[in-house]
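This report looks at salt bridges between side chains. Please look through the structure below before reading on.

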Amino acid sequence: MNDGFKRIIPCLDIKDCRVVKGVQFEGLSDAGDPISLARRYQSEGADCLASLDIGSSDRRAFVKLISEIASGLSIPFCVGGGIKTLDDMKELMDAGVTMVSVSSAALARPELLSEMAGAYGNKAVVLAIDARRVPGPEPRWEAYANGGRVNSGLDVITWAKRGCELGAGEIMLNSIDADGTKGGYDLELCQAVAGAVPVPVIASGGAGSLEQIEQVLSQTAVEAALVASILHYGNTSVLEIKEYLKERGIKVYGSSIN
């Protein structure tokens, strides 16, 4: 898709117009102003920006905020959370979003992916999968809905394949077990999904160091890494991540040492 180049995608989890971050979807704390962070990450060389509505009390205020963020971006902008219908997607696309990610609604009604792809094209549809490992001797994961609270019972690999067949042009793969822990991505999960589908996979959940980002991009077939806490709290920058990756032979866009 991109000649082997890897992408770095900052993610803004938004609740009531503020960026928040927690651990395994719990214990949310304020992480900053979304407009300021979006501008900062773009200036540092982010390849795409992702944002997720994780429970805003005023949906109109959220969409207005998304429009304000989008107006200042020249990079692709993916937004998810609260999208249940094609009209919900239209509202965000009209606000300036490049693509939408959908999780729970697709699990409840898989044909929504086909409707979205039919209206806006596959590249505008991202299937977000919240995966939790199933205890046992064999590596297996199940897809969860409603912010990781409801087990769909669907095998993640099976669901990822079906999502692509229905029209998803990309998969955003989040490990619930690793989310917000800064303990590293679930490499086994990332490789299992990326090796099974024909579309790009974005690894999400667990980034806590430059080494961990390098690991998921070099040791698995994922095409991009989602990063949040490590950026929000000033541990590193998008530019520093890209410099680090380039020095280790990973092809990235926009590095000053390309």
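This is a predicted model: local features need pLDDT of at least 70, side-chain atom pairs count only at pLDDT 80 or more; totals for chains, interfaces and linings use all residues.

Side chains of opposite charge can pair when their charged atoms come close. The structure holds 14 salt bridges.

| Pair | Distance, N to O |
|---|---|
| Arg59 and Asp53 | 2.8 Å |
| Arg109 and Glu111 | 3.9 Å |
| Arg109 and Glu115 | 2.8 Å |

Consider Arg59 and Asp53, which form a salt bridge. Is Asp53 buried or exposed? Asp53 has a relative accessible area of 10%, and it counts as buried because buried means under 20%.

Arg109 takes part in two of the listed pairs. With Glu111, the side chain of Arg109 meets in a salt bridge at 3.9 Å. With Glu115, Arg109 forms a salt bridge at 2.8 Å. How exposed are these residues? Arg109 has a relative accessibility of 30% and counts as partly exposed. Glu111, at 41%, is also in the partly exposed class. For Glu115 the relative accessible area is 32%, so this residue is partly exposed as well.

Salt bridges can also join into a network. Which residues are linked in a network of salt bridges? Arg7, Glu170 and Glu223 are linked in this way.

Terms used: Residues are numbered from 1 along each chain as its sequence is written. Side-chain values use heavy atoms; hydrogens and water are left out. A salt bridge is a side-chain nitrogen of Lys or Arg within 4 Å of a carboxyl oxygen of Asp or Glu. Buried means under 20% relative accessible area, exposed over 50%, partly exposed in between (1.4 Å probe, protein chains only).
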